[in-house]
Amino acid sequence: MIFKRPEGLTNTPWRYCPGCGHGIVHRLIGEVIDELGIREKTIGIAPVGCSVFMYEYFNCDMIQTAHGRAPAVATGIKRSHPDLICFSYQGDGDLAAIGTAETVHSAARGENFTIIFINNTIYGMTGGQQAPTTMPGQKTTTNPYGRDTRIHGFPIRVCEMLATLDGPVYLERVAVNKPVNVIRAKRAISKAIKLQVDNKGFSLVEILSPCPTGWGLSPKSACEYMDKVMLPYYPLGVFKDLIK
Amino acid sequence: MAEMKDITKYKTGEHILIKGNEALAEGAVRAGCRFFSGYPITPQNEVPEYLSWRLFEVGGTFIQAEAEVSAINMLYGAAAVGTRAMTSSSGCGISLKQEGISYIASAELPIFYANVMRGGPGLGNISPYQGDYFQSTRGGGHGDYRVIVLAPNSVTEMGNFPYLGYKLADKYRIPCMVLADGLLGQMMEPMEFKFDWVDINKLPPKDYTLTGCKNRERRIINTLYMDVNILERHTWHLYQKYREIEATEVRYEERYTEDADIIVVAYGTSARVAMDAIAKARKQGIKVGLFRPITLWPFPKKRLLELTARSSKFLVVEMSIGQMVEDVELSLQGKAEIYFYGQPGGIVPTGDTIKNQISKIKPVSDVSDSGTQKLNSQSKVIYLNDI
Ligand SMILES: Cc1ncc(C[n+]2csc(CCOP(=O)(O)OP(=O)(O)O)c2C)c(N)n1
Ligand code: SF4
């Protein structure tokens, strides 16, 4: 067999919409867990959002947390058991709105865990409301006329913001809208978790991810939209890498 | 080889002079706490300050969190991996922790925490107060749950309750809290630790903590149950646990209740002051006793009801406008007269003030006379503040 489910994932079928990026990223994390041989000492942290059920999907110890609090929970886990490997998986509402304080301060403290941050510019689970990352002009269920920055403010670029801190060791933004980007995304996830295994400190990978349902687009046009609209606003690349 | 420093610090039974907050902190470490996260707030600051060096000495973790919301969620993580963890706060800080406490209660993780009450509502003030009784004894956050609430009234109890707290928290997989107040936190008095240093390596292993799934099935700590039937089952399971705690873990103290015509019901600092009032009243021949609930949840309902066989008048004293009085009312089932005296604002009543309230109560029931005492129309409680 040349293509099988990673051991890092369970056989539970996931409940994501067709064309959703969450499934792609789950698979990448599962592969990285296998490749680094860390499944038996990994604790995954599920957020509140469409990916809340990921505790059913990952074949390692899992904990489900309150909306936005995953980095605090990860802090509690890693500080008491530094030999465990811990990653949180969070959407943009979870990480950059309700959980902003937890994100910024765990990064500033340089906690030795990894955040996989899914930026789909929308609140998927609650029905497509405005996220802190919603694009200027983007229509959501709470921006029926599109996000007007004079009224609704501007999106947050998380990697750029965290790069101003001395705490993080590795920050990279990737995307999963086409194969070449998916390969890069996996490389970034692997690097981030490897840094944690080596006790280097805080790492975060921001993953631009399609939400066809929330955007009202077909899976194919959602991926094209990302190239056209999202990537120019959220440039891909490494924002911090203290350990080259 | 350098001699190993004795990390136990105090011998069991050794008499020491220490602040209430510091006794609480040292007691927690002695009872096996190896993780603390919190956010500064008066009047509990000695707890984190003490633990910032003390936990370091014993190889534990101290984190000053960015907010109480994060602090409690750090505990969620620490408890999930099996560490004895603690947080402490006061008033508004405890309000912020309620979200996390609800999750921890649902996930059935053992944690220990303290509310050293300050004046409220809102920012209130930093003086001793007992206005967080409802919040503590009714769970405090969202959803159907309870936490065990221990109410100390001395520095000795401040220092020894962490041991009981962790024991109960572990036994029932439940959050357990100490409900103290600014006076108990700030005052110094001689105390002793009555329990031996807990060797954390000898604590029984837990079969639910996340340790990595080596050689076993993976474990999940979760509070989400989309299937209504499964959430129903989970909640009934919690209910059973709470009934068991109510049946077995009630704690209280009684003084002079054997011959009392009037029983003062008070906890914490109010109970301390009440003892002074009771001594004074007894000197004048008034037969008064004290009933001090030590567990506020589970509340000692049964014992209070039993006491109505001998005593027909109960005076509830609280440093608030009246919260525990409702539990007393429920417990006594209309079988006795209930009086209430409240002192809100962050003011500790004096023994004389409480003594004066006792004097307002006629030891023998005289129904025809009750016209002089204002009855609250909703409840049967007579508010002595109004008289
Ligand atoms: C304290 C709290 N507030 C609000 C919610 C409701 N809620 C659930 S998911 C969600 C937004 C999730 O959006 P995001 O983090 O972007 O993840 P996505 O669903 O897009 O993957 C909200 C607001 C909640 N569960 N808890
Ligand atoms: S709503 Fe969006 S993020 Fe949620 S599962 Fe569907 S496509 Fe994915």
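Predicted model: local features only at pLDDT ≥ 70, side-chain atom pairs only at ≥ 80, totals over all residues.
**Close-ups of a two-chain model**

**View 1. Where chain B meets chain A.** On the contact list you'll find 33 residues of chain B and 33 residues of chain A.

**View 2. Polar links across the interface.** There are three salt bridges between chain B and chain A. One to look for joins B:Glu66 to A:Arg109, whose closest N and O atoms sit 2.9 Å apart. The interface also has 20 residue pairs in polar contact.

View 3. Strand 3 (61-64), helix 3 (68-80), helix 4 (92-107) and strand 10 of chain B each give two or more residues to the side that touches chain A. Helix 3 of chain B gives the most, with eight residues. Sort this side of chain B by class and you get 16 nonpolar, 11 polar and six charged residues.

View 4. Eight strands make an open, mixed sheet in the order 9(A)-7(A)-8(A)-4(A)-3(A)-1(A)-2(A)-10(B). At the edges are strand 9 (237-241) of chain A and strand 10 (220-221) of chain B, each pairing on one side only. Strand 10 of chain B runs parallel to strand 2 (residues 61-64) of chain A, joined by two bridges. Here A:Ile63 has B:Ile221 as its bridge partner.

**View 5. Two parallel strands in chain A.** Strand 3 (residues 85-91) and strand 4 (residues 114-119) of chain A pair in parallel over five bridges. Look for A:Phe87, which stands opposite A:Thr114 in strand 4 of chain A.

Methods: Residues numbered from 1 in each chain as written. Chains lettered and ligands numbered in written order. Heavy atoms only, no water. Pairing = 2+ DSSP bridges. Helix = DSSP H or I, 4+ residues; strand = E, 2+ residues; numbered from the N terminus. Contact = heavy atoms within 4.5 Å. Salt bridge = Lys/Arg side-chain N within 4 Å of Asp/Glu carboxyl O. Polar contact = N/O pair within 3.5 Å; in protein donor to acceptor, adjacent residues only side chain to side chain. Nonpolar A, V, L, I, M, F, W, Y, C, P; charged D, E, K, R; others polar.
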